[in-house]
Amino acid sequence: MGRAFLGEFEQRVLLAVLRCSDRPLPLEIRREVARQSGHDPSRGAFYTTLDRLEAKGLVRWKAESGSAGRDGLPQRRFHVTPAGVRALKSSRRALLALWAGLDEVLGEL
Amino acid sequence: MKTRETRRPRPVHPPTAADALLRRVLARGKRGQSIVGDLHEEFRAMPDHRAARRWYWRQALRLALRYVSRGDQPLRKQKGSIMPHDLRSDLRTALRMFVRNPGTSTVIVFTLALAIGAATVGFAFADLALFRGLPVDDASRVVSVFASDTHGSNPRSRVSAPDYLDYRARAKGLERVSVFRQASAPLITNGQSRTLSVSYATADFFAAIGQTSPALGRVFLPGDDAPGASPVVLLSNRFWTEEFASRVDALGKTLQIGRDVFTIVGIVSAEIEFGNLAEIDLWLPLRITPDMPRDARTLRFVARLRPGVSFETAAAEIAAIGDALAIDHPDTNRGWRVRLIPIRELTGGPGFWVVIALFLLSIGLLVAIATANVSNLVMVRAMSRQRELAVRTALGARRGRLVRQLIVEGLALSVVSAGLSLPVTFASLRLIGAFSSELVFRQLAIDAHEFGFIASLALICPLLFTLAPARTLARTDVRQVLAAGGSRGATTSMRGRGALVVAQVALAVVLLTASSLAVRSVVGIYNEPTGMQTSHGLIFTLDFDDVQYPDTPLASAAARATRIALQAMPGVEQVAMVNALPVLGSETVVALNVDRAQLPPEEATPSVVSTAATAEIASVLGLTLLAGQWWNEGATDAAVVSRETATRYLGGVGRATGQTVTLSGGSTMRIVGVANDVVSGDITAWIPPRMWTPLPPTTRRLTFVVKAQGDPSELMSRVRAIVAKTVPAVPLENLQTFDEALRLAASSDYVITGVLSGFAILAVILAATGLFGVVSHAATQRTEEFGIRMALGASASDVIRLVARQSLALLVVGLGVGLVGGIGVGFGMKSALFGLSPLDPITIGGVAVLLIVVTLAATAMPAWRAGKTDPISALRAE
């Protein structure tokens with residue numbers, strides 16, 4: 001498998017999954033993304049991103065039966081796979097390397 | 001407040017339709033279900049239910065759009081999908097184009113929907129005449145005859161009873177030779193009488209037209225029309241449905257018609273309800289005896305070619321029999337030509353086929369104009385994407401793939417348009433039905449034929465309107481576009497679009513010319529004087545049938561009493577009774593024996609339209625006496641002839657008075673006067689020779705003509721009251737003003753020309769929008785050039801002139817070509833133009849002026865905008 005490249009929104013979603021308690025629901029993940037980024041992501045973008053992360057093997061989910069408030073529809077609990085954690089780490093490394101040494105320049109702004 | 005405490009919160013569900021949409025676009029299984037579940041949970045958490053429903057719809061639509069237009073990774077399982085991946089991605093692109101550019105897409109969809117809808121209305125007319133057609137099985141084997149005298153003045157094709165018997169006996173090439181005639185008959189129920197439309201037919205009639213399987217029971221059997229056979233009746237399907245609620249036990253019941261009682265033995269198949277036959281309530285056996293007069297040509301003839309016999313053989317045989325009958329019976333048959341015709345030719349006069357041809361032409365031209373219009377819009381859109389497409393070509397997309405993408409886009413648009421064209425079609429047909437009560441328009445239907453037509457248009461149109469843009473795209477020089485930003489491609493496309501607009505204008509002019517000629521011709525016909533003064537007339541019909549009035553003198557007395565009561569009404573000037581009104585009634589044609597020395601030797605036996613009336617008819621209808629005088633009330637053997645009769649048969653207006661003529665029944669009439677001509681029912685065909693005779697007291701079905709001093713419609717309620725008081729048992733039929741009745745009789749012609757003009761107007765609008773689109777687009781593209789010109793000293797009016805010159809050039813070419821085509825079509829429809837030349841200067845001038853006005857209107861805006869070009873900003877944009 002080639003190295004997974006992470007987009008910014010993908011990173012946010014992956015980090016939000018990790019920040020939530022054990023195996024969060026999509027509603028919780030979305031709330032976390034909103035809290036951290038300061039704006040509410042559209043549901044379309046959010047769910048398609050989850051699908052994409054899953055297709056890249058960075059998240060997995062397990063379904064459990066839903067409550068009456070969901071009309072019995074199933075709900076998914078997500079967790080980040082080891083590959084997901086690796087992808088986050090390499091993203092972070094790459095970004096930090098790029099940031100390094102620019103404190104002076106950026107500090108002026 | 002117990003109720004409040006016990007009231008449970010109403011269970012609230014998200015909109016079902018939105019859920020259904022989500023289920024369609026999201027993945028099946030738990031993945032999709034869990035997303036819907038998340039939405040449900042959020043929905044439930046919202047306090048305001050109405051706001052929540054709106055919110056839910058918004059989310060569902062956004063998710064649907066997101067998932068449908070997402071190309072990177074299909075969520076639904078590939079398995080079971082019938083569309084290849086390429087096609088689906090083309091469709092997705094088409095959807096994206098629609099969303100990105102809703103204005104152009106909407107214009108395209110509406111243009112196509114209007115054109116397809118209008119074309120379908122035209123097709124429904126043509127379909128009714130051509131494909132649905134006569135209720136005849138294997139129409140090519142079914143024939144009728146056309147009999148005409150030397151003046152061609154026999155209405156349509158009627159034969160007499162003895163002639164029919166001779167044809168049946170002698171024609172070896174025909175089988176199932178039969179005749180029928182339409183009439184009205186009184187149905188008596190509970191002592192009340194009601195006039196029905198009936199058809200009398202010989203027993204072989206249904207076999208002749210191939211309608212031998214009825215909806216229920218049987219059709220006529222051999223012997224049903226023999227003298228002494230037990231009286232049977234067939235019900236039309238419509239009458240059975242309306243009067244018997246389609247109950248099976250109608251069979252075996254009896255109906256009293258006049259004084260006879262008939263047993264219901266069958267229900268005729270609904271297929272037969274076409275054209276005039278659709279008005280028929282009952283079918284009765286027609287008894288033919290050889291002693292009926294040979295010159296009473298009242299029967300319509302239908303027969304079938306015997307197997308193995310060609311039409312030509314049978315036609316030669318019938319012509320020979322006709323000639324033989326003319327020799328055997330010179331008094332009645334001399335000069336009459338009889339020829340065999342295929343049954344199709346009976347559908348309408350020559351004008352009918354011209355109308356059908358015009359409809360087909362209109363369909364073709366409308367679709368062509370709309371297609372050209374859409375083609376223009378697609379071209380503009382393709383040009384604006386030229387860079388994108390060039391990049392895709394450079395990256396390795398094959399041109400065929402790009403063209404296919406264009407076609408798929410067009411197909412998607414035209415399928416949407418086809419769907420929208422249905423309401424257009426339905427609304428138009430409803431409008432037509434509202435204008436004319438003619439039965440034939442109610443038979444215009446949208447069924448498998450029309451759906452097939454719409455579907456094929458939806459498939460063909462995109463191929464046509466993507467043709468030109470696809471060619472232009474395929475020729476695009478990628479390097480040049482990428483280097484220069486597409487200016488070269490734009491000029492070649494401008495030339496193509498100019499040609500399209502010229503074609504559009506030309507086609508619209510053809511359609512406009514043809515339909516203006518048709519309209520002017522129809523209006524001209526109905527503005528021709530009828531020979532009668534009808535503006536103060538009020539007419540209605542009373543049937544003093546032999547059940548209510550078994551004795552003829554009683555019936556006649558009742559009729560007279562009604563006339564006198566009406567005459568005494570204030571506001572009434574004069575009242576007359578007539579057996580059948582000219583134009584509106586079904587008039588009788590009788591043969592006339594005159595001194596043959598006055599006739600040219602080849603002249604056929606004279607026949608005249610005979611109108612029997614009371615003496616007041618002259619003043620009620622405002623007839624003018626040209627010679628002699630009118631007969632007096634009470635006369636029985638005096639007659640007044642029309643100018644046409646006098647000049648054709650009696651040696652002229654001056655010499656007619658005083659002559660004696662013998663009618664086909666044997667009665668002798670003295671001509672006492674000559675009156676002006678009055679037209680007949682077929683208003684376009686001929687002014688018939690006519691004779692006005694005193695009303696025989698045996699006439700039971702009478703049309704009353706009331707001449708009012710003022711507005712005739714004000715008399716209506718009082719007329720109704722007086723009739724109800726004087727003859728309570730007789731139903732009052734068709735009470736209306738004379739002019740209204742004439743208008744109704746003409747309404748079908750007006751509807752047809754109205755539909756044609758509708759097509760023409762639509763064509764002009766489409767052509768105008770096409771012109772507008774091209775001129776304004778060209779003006780926008782030349783903004784930079786205008787800027788330079790103005791910077792160099794050109795004035796605003798110079799620039800306006802530049803823009804106008806372009807559109808005028810398009811107009812002149814289009815108008816010229818179109819007028820030539822329109823005049824050509826005019827010559828083609830010459831047989832249906834009455835008193836009008838295809839070169840009619842008013843029509844041609846009007847079309848030209850209209851087109852010039854429309855062109856100026858379409859040019860005004862772009863020209864004005866070009867005139868206001870600011871040279872500085874135009875150049876800075878560069």
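This briefing looks at helix 20 of chain B and then at chain A as a whole. The model is predicted, so to speak of local features takes pLDDT of at least 70 and side-chain atom pairs count only at pLDDT 80 or more, while totals for chains, interfaces and linings use all residues. Residues are numbered from 1 along each chain as written, chains are lettered from A in the order written, and side-chain values use heavy atoms, leaving out hydrogens and water.

**Helix 20 of chain B**

- Helix 20 covers residues 552–567 of chain B, 16 residues in total, and spans 23 Å from first C-alpha to last, close to the expected 22 Å (1.5 Å times one less than the number of residues).
- Helices here are DSSP runs of H or I with at least four residues, strands are E runs of at least two, and both are numbered from the N terminus.
- Its buried residues (under 20% relative accessible area, 1.4 Å probe, protein chains only) are A555(B), S556(B), A558(B), A559(B), T562(B), R563(B) and L566(B).
- They sit on the same side of helix 20 of chain B because they cover an arc of only 160° around the axis, taken from the directions from the helix axis to the C-beta atoms.
- On the face turned away from that buried side you'll find P553(B) and I564(B), both exposed (over 50%).
- The buried residues pack against strand 11 (537–543), strand 12 (572–578), strand 20 (701–708) and helix 24 (716–726) of chain B.

**Chain A**

- Chain A has five helices and two strands, running α-α-α-β-β-α-α from the N terminus.
- Of its 109 residues, 43% are buried.

Key. Contact means heavy atoms within 4.5 Å.
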